[in-house]
Amino acid sequence: MTEFIVKPGVKNIQNKGEKLITTHCCYCGMQCGMHIRVNEKSGKVVGVEPRYDWPVTLGKMCPKGVTAYQTVDHEERIKTPLIKKNGKFVESTWEEALDLIEKNFKRLQNDHGKDALSVYGGVSMTNEKCYLVGKYARVALGTRFVDYNGRFCMSSAAGGFMKTLGTDRGSTLPWTELEHTDCFFISGWNAAECHPTSIQWLWKARDKGAKMIVVDPRETQIARIADVHLDIKSGTDSALANGMLHIIVRDGYVDEAYVNERCNNYEEMKELVKKFTPEYTSQITGVSVEKLEKAARIYGQSPRSVVMFCRGIEQQSKGVDNVSVYTSMALLRGQIGKFASGVATVTGQGNGQGGREHGQKADALPGYRKIADPEHVKYVAGVWGIKPEEMPKAGVSAYEMFDEIQEGNIRAMHVMCSNPAVSAPNTQYVWDSFRKLDFLVVSDFFMSETAEFADVVLPATTWAEDEGTTTNLEGRVIRIRKVKDPIGESKTDWEIMKLIAERMGKGEFFPYENVPEIFDEFRLASKGGKADYYGITYDRIDKEDGVFWPCPSEDHPGTPTMFIDEFGTPDGKANLAAVDWQEAAEIPDFEYPHTLTTGRVVFHYLSGTQTRRVKFLMEQCPEPYVEMHPELSSRYNIQNGDNVLLTTRRGSMTVKARLTKAIRADHVFIPYHWGKELSVNQLTNPALDPTSRMPEFKVCAVNLKKVN
Amino acid sequence: MKKVMYLEFERCIGCRSCQAACRECGGHDAKERNYVEYIDFFESRQTFPMMCMQCKDPACARVCPANAIQITEEGVVLSAMEEKCIGCRNCTFGCPFGIPKFDFEENKMYKCDMCYDRTKHDIAPMCASVCPSDAIRFIDHEEMMELRRKRTQMNLIEGKKPSENDKWQYVPEFFGVYSD
C-alpha cells in the first residue's frame, strides 16, 4: 500500500557510443537504483548515471555507490585460478584447480567423514547464489557445516523478530512511507555513514515536523539534530528499552485495545518493567532521567512512529534480547501493521535480507524452513531430489566453525564472497584456524586477507558480471542485471559451485544452464515457507519496481506492510518481551578501564576488500583511527594525531587519535574496514549471543597508552 | 536553464557523495570541483558542502587578466578556457570561496561548471543528483523562493534546537544560489 510512486520522468544523460544498464548498487542493503554506463564497442564499464525513477532512492547515491563501478575492471582483479605452491600463488587453469579441489575434498572426506568439509558463504551475493550455497554444502559436499557472514550482521535481528513477531522481515513497512512518520526512535544506527541514502526520508519527515530520538554513544550525524540524543553506555540497550516500556506503561501511552487483541505476555512484561524506573535505568545506561522522560513522552505521544535499529544493538552478546525489547516498544504502542509506522532493522550487506532466508544458515533451509522440522526437511529434499534422510543435520554458526577447525573436526573450507580474516571477531584466533586447515578454497574477485591463507583461489565475478535478484532492506525483491561479460577467466559463484558439484559426482543435482533456471527452482523451494518468493517473477519485478515478499502466488500483490491482520507466530499474536537486562560479556575494570566500540565509516564497505581499492574512497579515509573525547585523551596526554596503543584481552593495535566531543568520554571508537595489523577485530570479543550466535563486536573493555 | 542550485547546510551528512559524483562528470578528469568541510570536528560532526556560487559578478573572472573565464548566457561561470589561460592563478586567489583550483601538471585552472552539459538540458548536476541528504538541490527558482519564505517554519532549524552543547551556533545559514 505504498501511497505514492515517484516517477518524475527526469531525463538521463546518455553519451554517444554508450548504453545505460539499469541495475542496483552492490553494497549495503539500501540497494540504490543506478544506471551503469557501458561503452558499446569495448563492452567496458565507464561510469555511472543516477536512476531518478527508482522509488526508494530517487537517484541518490553515496560515495561508495558512485564509485562502485570502478571495481569491475580494476587492475587488481583476479583473472585466473591461483594455486599456492611453496607459499606463493601461481596462475593455473580451471582444470588444474578443480582437479586439486576434487582430490583434496575427496581425500579428506574419505579419511575424516563427510563433515570434514565446510562452506562459509556471504550475503553480498544474489538470492539465487545464496540459495545455491545451502544446496551445494548439503547436497554436493554432503556436509552439515555451512554458515555465512550474515551471522556477524543480521542474526540477532532475525532471532529477536522470530521471537516477538514470528517472522523475520527486516522492515515491517516500505521506506517510501517513512516521510509520513511522526516519530523516529533510532537506536544503534549510524544512518548517515552506514545507509546515507536513507537520510532523505528522515529529513523529509523532519521537514514535516517529525520528531527524532537517537540512542547512540556517539553523537552521530543524525544524533546532532535529534530532539533527544540518549548518549547510552554501550551494552545497556535492553535496560534503556525496558526503561522506555516502564514510562510508556506508567503514563498510559499503551494502545490497550491493540495489545489485548494482538499480543501475548503483557502482564509478565508489565511486571518486569516495574523496576526499570527512570532513576534505575539512568544508573545503568548513563543517560539522564530528564532525557529518558522526554524521549518516552515524545515516542508515547506520536500517532505514527517507527522504531529503527541496527548493528549497534544487535552485535552484542544480548543482541536478541535487545531486539525483542525494542520491538516490544512498537507493539505496546500498536504501531506494527499500520501505515508509515512499525519497526525496522537495517541490513548492512547488499542482500542481508534475502541471503538469510534461503538456507545458508547452519540450521535453516530455503524459505525460512528449519532443519529441525522433519516436514520442512521432507519438502526441501523433495525439491532437491534427495531422500530426507540424506539431508545433513544442523551445523554450527560462523565463529564456531573456527572452534571446529581448532578441534580438528573441520579439515577443509570453501569461503565464498566473504572475508572472515577481517570481519570475524578475535581475528588472531581466526588466522590461526586458517593456518590449521588442511585445505582452503576461496572464491573472490580480489585477493582478500582470507584468500592469502588459501591453497586455491578461484576467480569469481563482480555483481556487474552476473544477473539475479536481491532483497533490499525493506523486503523488496529487486533485479540485478548483467552489465558486461566476466573479466579474464573468472566465473560466477553459481558456475563455480556447479563445477565442484560435478567433480564431487553430484552434477545431476546442479543442471543449471542459466540464472533463471536457478531462480525457478529457488522459488519452488521457498514456496509455502515463511519467506515465500513463489509468486515473484523477473517480469513482475521490472513492472512493479520490485515485489515485497511474502508473495505466495503470481496473482498475489506482494506484502509491502507486514502483519496487518496477524503476526507470524503459531497463534498469530505477537509476544511481548519480558527480558531482564544483563551486563555485557566484558565490562571495564581496573586493568581495562574503557569501553571500545566499532563501526563503519561512509567511505568503506565491510572488510574493505573492494572499497580500499577505489582511489577516491581511500583518499578520504586511508586508515583506521581511534575516536576519543578530549576529556579522556587529556588524562593520557594524547593530542590529535598521536599514536595510541589499544589493548584488550585478545590483542593490541596502534592507531592515530582523532579527538572529538561527539563521543561519550568513557568510550573509544575504531572503524573496522582494514586487515592484518590494522584490523580492530583483533581486539573485539567473540562472546556469542545464546540464541543468534552473534559475537559481541560493539562492546569490550580496553586500555589505552600513548606511544611515540 | 531555469533552475538554481540550492544548498541547505544543516542537512549535510558529510558523506562526500557530491565530491565523488563531481569526478564522474564528463570532462572533469576524475578531479572534484566541490568540497565538503567540517565546521569544527572537535565540537560536532556538522559538515557543509562548499560549492561554486556561480556569482553574478564573479571575482575569478574579474581578476583574470586573459579573460579566460567565460560566463554562459544562463549565468554559469565556466573553467578557464585552455587556449586563453596563462596559468597566473589570479582566479584562485581572487575567489572568496576558494573554489577555482590549479592543476600544475596540466598548467590550467579548473572549477565547477555546474555540470553545464547536464544543466543546459535541465538535468541536475551530478552533485545535486546524488546528494543523499538533499543538502544540495537543483530546483526551480519559485521553489527556492518558497523554501526561503518557509525558512522560519522549517523543522530542521526552528524549534528543534538541541539544548546541549549549543551545537547550532556552528551552523551557518543556508542560501540559494542564483543562476539567472
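In this predicted model, the side chains of Asp115(A) and Arg144(A) meet in a salt bridge, with 3.3 Å from N to O. A salt bridge here is a side-chain nitrogen of Lys or Arg within 4 Å of a carboxyl oxygen of Asp or Glu. Side chains of opposite charge can pair when their charged atoms come close. Over all chains, a search of the whole structure finds 61 salt bridges.

**Conventions**

- Residues are numbered from 1 along each chain as its sequence is written, while chains are lettered from A and ligands numbered from 1 in the order in which they are written.
- Local features need pLDDT of at least 70, side-chain atom pairs count only at pLDDT 80 or more, and totals for chains, interfaces and linings use all residues; side-chain values use heavy atoms, with hydrogens and water left out.

- Asp115(A) lies in the loop between helix 2 (94-112) and strand 6 (117-121), and Arg144(A) in the loop between helix 3 (127-140) and strand 7 (146-148), so that the pair links distant parts of the chain, 29 residues apart. Helices (H or I, at least four residues) and strands (E, at least two) are DSSP runs, numbered from the N terminus.
- Asp115(A) is partly exposed at 26% relative accessibility, and Arg144(A) is partly exposed with a relative accessible area of 26%. Buried means under 20% relative accessible area, exposed means over 50%, and partly exposed lies in between (1.4 Å probe, protein chains only).
- Glu400(A) and Arg693(A) also form a salt bridge through their side chains, at 2.6 Å from N to O. Glu400(A) belongs to helix 15 (residues 398-406) and Arg693(A) to the loop between strand 28 (685-688) and strand 29 (695-696), so this pair ties together parts that are 293 residues apart in sequence.
- Glu400(A) is buried, with a relative accessible area of 16%, whereas Arg693(A) is partly exposed at 26% relative accessibility.
- A network of salt bridges links Glu95(A), Asp99(A), Glu102(A), Lys106(A) and Arg503(A).

**A salt bridge between chains**

- The side chains of Lys661(A) and Glu43(B) meet in a salt bridge at 3.0 Å from N to O. This pair crosses from the loop between strand 26 (652-659) and strand 27 (667-671) of chain A to the loop between strand 2 (35-38) and strand 3 (47-50) of chain B.
- Lys661(A) counts as partly exposed at 37% relative accessibility, while Glu43(B) is buried, with a relative accessible area of 19%.

**Chain A as a whole**

- Chain A has 22 helices and 30 strands. Its radius of gyration is 24 Å, close to the 27 Å that the globule rule gives for 708 residues, so chain A is as compact as a globular protein of that length. The radius is taken over C-alpha atoms, and the rule is 2.2 Å times the number of residues to the power 0.38.
- Along the principal axes, the C-alpha atoms of chain A fill a box of roughly 70 × 65 × 60 Å.
- Of the 708 residues of chain A, 68% count as buried.
- Glu18(A) is placed in strand 1 (residues 18-24) and is buried, with a relative accessible area of 13%.
- The C-alpha atoms of Glu18(A) and Ala578(A) are separated by 58 Å, and these residues stand 560 residues apart along the chain.
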